[in-house]
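Student: I'm new to this one. Can you put it up and walk me through it?

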Amino acid sequence: MSADLQWMVIRNNSSYLMKRKAVPHFSKEPNNLKGRNSLRYSGLVQARTIGVEPTADGKGVVLVTKNASCLRKPLKKYRRTELKRDSRKTFTTIRKLVGKSGYRKDLKMAAVRRASALLKSQKPILVKKTRGKKKE
């Protein structure tokens with residue numbers, strides 16, 4: 001079934017859909033980088049999708065890509081690549097895998113931004129020490 005036909009079915013009726021009044025519709029589906037309910041970012045209907053998730057131990061990110069040739073084989077459908085190095089090398093790897101290899105160039109910056117937000121949230125929060133009041 002084509003992606004357009006699948007989108008026409010899923011667009012308004014999906015268990016991942018979050019509808020609110022006077023707010024654009026959002027989606028919780030896997031491999032949706034921006035969380036928007038649109039054909040471009042949909043992780044369910046596109047043949048090639050990209051997802052960025054935190055690792056199980058909380059020290060890095062996992063880049064998830066959909067293998068277009070294995071759509072009917074659920075175990076081989078997704079490729080998972082753990083990226084646990086420093087943030088610069090992680091972003092460079094994502095740019096190379098997504099942009100330069102021609103996978104989905106339109107989702108390159110969205111994937112980098114998602115990885116950046118996840119890595120930033122994994123850093124420990126440092127409590128700043130406040131100086132005491134000077135004695136007279």
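Tutor: Let's start with a strand pair. β4 and strand β5 (residues 78-83) run antiparallel and pair over six bridges. Strands here are DSSP runs of E with at least two residues, helices are runs of H or I with at least four, and both are numbered from the N terminus. Two strands pair if DSSP finds at least two bridges between them.

Student: Who stands opposite Lys 66 in β5?

Tutor: Tyr 78 does.

Student: Before we go on, what kind of model is this?

Tutor: The model is predicted: local features need pLDDT of at least 70, side-chain atom pairs count only at pLDDT 80 or more, and totals for chains, interfaces and linings use all residues. Residues are numbered from 1 along each chain as its sequence is written, and side-chain values use heavy atoms, with hydrogens and water left out.

Student: Back to β4. What else does it pair with?

Tutor: Strand β3 (residues 50-54) pairs with β4, in the antiparallel sense, over five bridges. Pro 54 has Val 61 of β4 as its bridge partner.

Student: What about the turn between β3 and β4? How many residues sit between the strands?

Tutor: Six residues lie between the strands of that hairpin. Gly 58 there takes a positive phi near 80°.

Student: Is β4 buried or exposed?

Tutor: Six of the six residues of β4 (residues 61-66) are buried, so the strand is largely enclosed by the rest of the structure. Buried means under 20% relative accessible area, exposed means over 50%, and partly exposed is in between, with a 1.4 Å probe and protein chains only.

Student: Which way do the β4 residues point?

Tutor: Val 61, Leu 63 and Thr 65 point one way. Val 62, Val 64 and Lys 66 point the other way. In a regular strand, side chains alternate between the two faces of the sheet.

Student: Pick one. What does Thr 65 touch?

Tutor: Thr 65 sits in β4 and is buried, at 15% relative accessible area. Beyond its neighbours within four places in sequence, Thr 65 is in contact with Thr 49, Lys 77, Tyr 78, Arg 79 and Tyr 103. Contact means heavy atoms within 4.5 Å.

Student: New topic. Where is Asn 31?

Tutor: Asn 31 is in the loop between β2 (26-27) and β3. Asn 31 is buried, with a relative accessible area of 9%. Leaving out residues up to four places away in sequence, Asn 31 touches Tyr 41, Gly 43, Thr 49, Ile 50, Gly 51, Val 64 and Tyr 78. The C-alpha atoms of Asn 31 and Arg 48 are 9.9 Å apart, and the two are 17 residues apart along the chain.

Student: How many cavities of 30 Å³ or more are there?

Tutor: One. The lining is Asn 31, Leu 33, Arg 40, Tyr 41, Ser 42, Thr 49, Ile 50, Arg 104 and Leu 107.

Student: What counts as a cavity, and what as a pocket?

Tutor: Both are found on a 1 Å grid over the protein atoms alone. A cavity is a set of points where a 1.4 Å probe fits but cannot get out. A pocket is an open set with protein on both sides within 12 Å along at least five of seven lines. Lining residues have an atom within 4 Å of a point. Grid points are joined across faces, edges and corners, and a volume is the space filled by probe spheres set on the points.

Student: So what lines the largest pocket?

Tutor: The largest pocket, of about 260 Å³, is lined by 13 residues. Met 1, Gln 6, Leu 44, Val 45 and Leu 71 lie nearest its centre. Helix α1 (residues 3-10) gives the most to this lining, with three residues.

Student: And the second largest pocket: what volume?

Tutor: About 170 Å³. Its largest lining share, four residues, comes from α3. Among the lining residues are Gly 58, Arg 85 and Phe 91.

Student: Last one. In what order do the elements of the chain run?

Tutor: From the N terminus on, the order is α-β-β-β-β-β-α-α. That makes three helices and five strands. The C-alpha trace spans about 80 × 40 × 25 Å along its principal axes. Buried residues make up 32% of the 136 residues.
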